[in-house]
Amino acid sequence: MTMVSGLKKSIRPSLAALVFTSALLLPVTHAVSQETAVKQESGQEIDRYCTNISDKAADERYAMQTRELAQLRADIDSRIEQLDTKRKEYEVWLKRRDEFIDKAEDSLVGIISKMRPDAAAAQMALLGDEAAAALLLKLNPRVSSVILNEMPAEKSSKLARVIVGSRIVPAAERTAQ
């Protein structure tokens with residue numbers, strides 16, 4: 001029994017130490033388990049918060065994009081209006097220019113038709129080939145022929161080529177001639 005009693009004596013302090021240590025560790029493990037539970041609960045709460053706010057964030061992004069698109073649309077509409085205004089201005093200007101050119105051509109045709117043929121030929125020789133050819137086409141054929149007769153042969157042949165070339169002749173018509 002002495003051995004048993006010695007064993008009991010040696011187990012008792014070990015058992016006491018074990019009970020004491022577990023008593024100390026019990027609050028720590030309880031605290032750790034509570035902390036883990038709090039972390040899990042807060043993680044779930046964070047997930048719920050993110051889920052709830054994601055719809056609001058998506059709505060806000062959509063609203064922001066809608067506002068930006070509306071602003072861009074307003075800018076585009078403003079630019080279109082400016083372009084339409086400019087186009088109308090240019091159309092008015094082009095119409096006035098065309099009317100002026102028509103009057104000027106008619107006036108120039110009248111002036112050239114009343115000039116002496118040699119003076120008219122000298123003036124038309126200084127004009128560009130296309131402008132001179134256009135004037136010759138607007139003149140009376142009798143006046144045009146006299147003016148062409150007074151021009152140097154090289155210039156009158158160029159004008160004749162421009163006049164003939166101004167009318168595009170289809171290939172079928174060329175072979176028939």
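Biologist: Leaving aside its neighbours within four places in sequence, which residues is S156 in contact with?
Modeller: This is a predicted model, and contact here means heavy atoms within 4.5 Å. Once the neighbours within four places in sequence are left aside, the residues in contact with S156 are L148 and M151.

Biologist: Is S156 buried or exposed?
Modeller: S156 is found in helix α5, which covers residues 153–165. Its relative accessible area is 16%, and a residue counts as buried under 20%. S156 is therefore buried.

Biologist: From which residue does the backbone oxygen lie 3.0 Å from a polar atom of the side chain of S156?
Modeller: The side chain of S156 has a polar atom at 3.0 Å from a backbone oxygen. The residue that provides this backbone oxygen is A153.

Biologist: K155 also lies in helix α5; is K155 buried or exposed?
Modeller: K155 has a relative accessible area of 13%. The limit for a buried residue is under 20%. K155 is therefore buried.

Biologist: Which residues is K155 in contact with, leaving aside neighbours within four places in sequence?
Modeller: K155 is placed in helix α5. Beyond its neighbours within four places in sequence, its contacts are M124, A125, L127 and D129.

Biologist: Where is L127 found, and what is its relative accessible area?
Modeller: L127 touches A132, L135 and K155, not counting residues up to four places away in sequence. Its place is the loop between α2 and α3. L127 is partly exposed, and its relative accessible area is 32%.

Biologist: Which element gives the largest share of the largest nonpolar core?
Modeller: This core has 13 residues, and M151 and L159 are among those with the most contacts inside it. Two or more residues come from each of α1 (2–114), α2 (117–126) and α3 (129–138). The largest share is four residues, and the element that gives them is α3.

Biologist: Which residues does M151 touch, not counting residues up to four places away in sequence?
Modeller: M151 is one of the residues with the most contacts inside the largest nonpolar core. With residues up to four places away in sequence not counted, M151 touches A121, M124, A125, S156 and L159.

Biologist: Within what arc do the buried residues of α2 fall?
Modeller: The buried residues of α2 are A120, A121 and M124. Seen down the axis of α2, they line one face of the helix, because they fall within an arc of 100°.

Biologist: At roughly what angle do the axes of α2 and helix α4 cross?
Modeller: Helix α4 covers residues 141–150, and its axis comes within 8 Å of that of α2. The contact is made by P117, D118, A120, A121 and M124 of α2 together with V146, I147 and E150 of α4. The axes cross at roughly 70°.

Biologist: Which residues are exposed on the other side of α3?
Modeller: The buried residues of α3 are A132, A133, L135 and L136. They are on the same side of α3, because they cover an arc of only 160° around the axis. On the other side of α3, the exposed residues are E130 and L137.

Biologist: How many of the 177 residues of the chain, as a percentage, count as buried?
Modeller: The chain has six helices and zero strands. Its pattern along the sequence reads α-α-α-α-α-α. Of its 177 residues, the share that counts as buried is 10%.

Conventions
Residues numbered from 1 in each chain as written. Predicted model: local features only at pLDDT ≥ 70, side-chain atom pairs only at ≥ 80, totals over all residues. Heavy atoms only, no water. Buried < 20%, exposed > 50% of the residue type's maximum accessible area, 1.4 Å probe, protein only. Polar contact = N/O pair within 3.5 Å; in protein donor to acceptor, adjacent residues only side chain to side chain. Core = buried A, V, L, I, M, F, W, Y, C linked by side-chain atoms within 4.5 Å. Arc of directions from axis to C-beta. Axes fitted to C-alpha atoms, helices over the stretch in contact; angles between N-to-C directions.
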